[in-house]
Amino acid sequence: MTGVLILAAAVLALAAPPACAVELKTVMHMHSHFSHTGELSLPQLVEKAAARGVDVLIPTDTFIATYEYGLWPLRGLVRKRVEQNSVLHVGIERYLQALDAAERSRPGMVVVPAVEVAPYYRWSGSPWSGLILEDWHRHLLILGLKTAADYAAIPALGNTTGADWSAWPIVLMVLLFCAAGAMAALELRAGARPSIETCVLALLGALVFANGWPFARWQRSPYDGGTDWSPYQRVIDYAQGRGALSVWAHPDAPNWESPVTVAPRVQVRTAPYPDAVVRTAHFHGFGYFSEGWRRAGVPGGEWDKKLGMYVTGARGLPCWAFAEVDYHHPTDGPIDGTYMSVDAKERTREAVLEALKAGRFYSVAAGSMPGLRLKRWELSAGGRSAGAGETLSGPRTPRVDVELSSEGREAAKAEITLVRGGRVVTRQSVSLPGRWSFLDDGNTDARTYYRIAVKDERSRELVSNPIFLTP
Ligand SMILES: [Zn+2]
């Protein structure tokens, strides 16, 4: 009897409808007063977003904005350091409290804690001919770290709390002080005053201490030269280990490609870095809008290469197409110029982060116009179906179903580009609102994925996350 009851309960549990989902308009990557570039306060950002019908705000203030150049061999002593406003500079606790207060200031609005991190920079050139600060604008967005201690130890270059200990200056300092002490003791016992040599050794010990303080060592120093992805991977792994999301920000951004002079004989340069998407692992996606669709996101680009690695099992996590608005000033256009429509289980921080991790969202770029709406995005075969971020087990000939409309209900013609496994399968023109079904009888891959990109005649765009197909 008990067994029957358990069985009945299990059947009922299986038959129970899933928790009621909500579709949340989500904007990500804004800077407030906690960043040196942010012109608005967090409550002002919340108000601006609320006025545009936004449900979820993900501000990403700059975690650390400190760089320095030191002259060899006394890089710790003879140095120039530039420190600008950032979360670390103002205070992590204050930032987290301000985010909580901003959320409370507007009931119904969800504010997800996040930061923008520059994990690494490097110097090229020389102080005499001119220095270039390279890769300073290669950024990762880290979403959903939980405690102030988690933020404090983000292993970004310049953050001493996130650095390893450097042992050799301490060992050298101790050896020098011991040698100076022993020599001084012998000299004093012989009735002599400490010699010049003894004083020099003690001074050298003090110099090593002053130059080495605070004895922080980074995996890669800014003087090592050459591009290396390990400092970025380290930040990603750190976030992953704490259940947080990492998203590559603006990988195709061209605005720092040519060196920009920031001080006499100092320039800043960051070439676009779409290859970050394939060179690093275990992150959750990249900013497709506004600066990731030109190279990383084109059919056959780095995003498709990454998804190809995922379906063949070479890399552990799939990769989603996020929308980031990169908003610093009110003159940057509407705060929802690009946004994500997130299919969350409820209106909470945790539910939003869960949906973002699972890929249950699509991204839109519409400027100040009402955005496009993806009402249906589904792969089906043999009576089963799957949506964004999910995997369909089925034959190689699935059916693709798309339903599109405009938030503003304006009629327009849109073109849907269907990509399968990195290749464009077909392009289809539809009238909005409209539906499109496609039976893909040309697929030969047992394991693959489908995604769509949409552009309408008013230049509004939409990109879906992939749906995977396995045998
Ligand atoms: Zn950035």
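**View 1. Strands β9 and β15 side by side in a predicted model.** Strand β9 (residues 130-134) runs parallel to strand β15 (residues 266-269), and 4 bridges join them. Strands, like helices, are DSSP runs numbered from the N terminus (strands: E, at least two residues; helices: H or I, at least four), and two strands pair if DSSP finds at least two bridges between them. Look for I132, which sits opposite Q267 in β15. This is a predicted model, where local features need pLDDT of at least 70 and side-chain atom pairs count only at pLDDT 80 or more, while totals for chains, interfaces and linings use all residues. Residue numbers start from 1 along each chain as its sequence is written.

**View 2. The sheet around that pair.** Zoom out a bit and you get an open sheet of 4 strands, in the order β8-β9-β15-β14, with mixed pairing. At the edges are β8 (122-126) and β14 (260-263), each pairing on one side only. On average, neighbouring strands here are turned by 30° against each other, direction ignored. Such angles are taken between axes, lines fitted to C-alpha atoms (for helices, over the stretch in contact); in general they run from 0 to 180 degrees between N-to-C directions.

**View 3. Helices α6 and α7 packed together.** Helix α6 (residues 167-189) packs against helix α7 (residues 196-212) at an angle of about 160°, with their axes 8 Å apart. That makes the two roughly antiparallel (angles over 145 degrees count as such; under 35 is roughly parallel, 65 to 115 roughly perpendicular, and the rest oblique). Among the α6 residues that meet α7 are L172, L176 and F177, and the α7 side includes L201, L204 and F209; contact here is C-beta atoms, placed from the backbone, within 7 Å.

**View 4. Two cis peptide bonds.** The bond from W72 to P73 is cis, with omega near 0°, and P73 is in the loop between β4 (66-70) and β5 (79-83). Another cis bond joins W213 and P214, with omega about 5°; P214 lies in the loop between α7 and β12 (216-217).

View 5. H29, not a glycine, has a positive phi of about 75°, and its place is the loop between β1 (22-28) and α2 (42-51). H29 counts as buried, with 24 C-beta neighbours inside 10 Å (buried means 20 or more other C-beta atoms within 10 Å, exposed 12 or fewer, partly exposed in between, with C-beta atoms placed from the backbone). F215 has a phi near 60° and is partly exposed, with 17 other C-beta atoms within 10 Å.

Definitions and conventions
Two residues are in contact if their C-beta atoms, placed from the backbone, lie within 7 Å.
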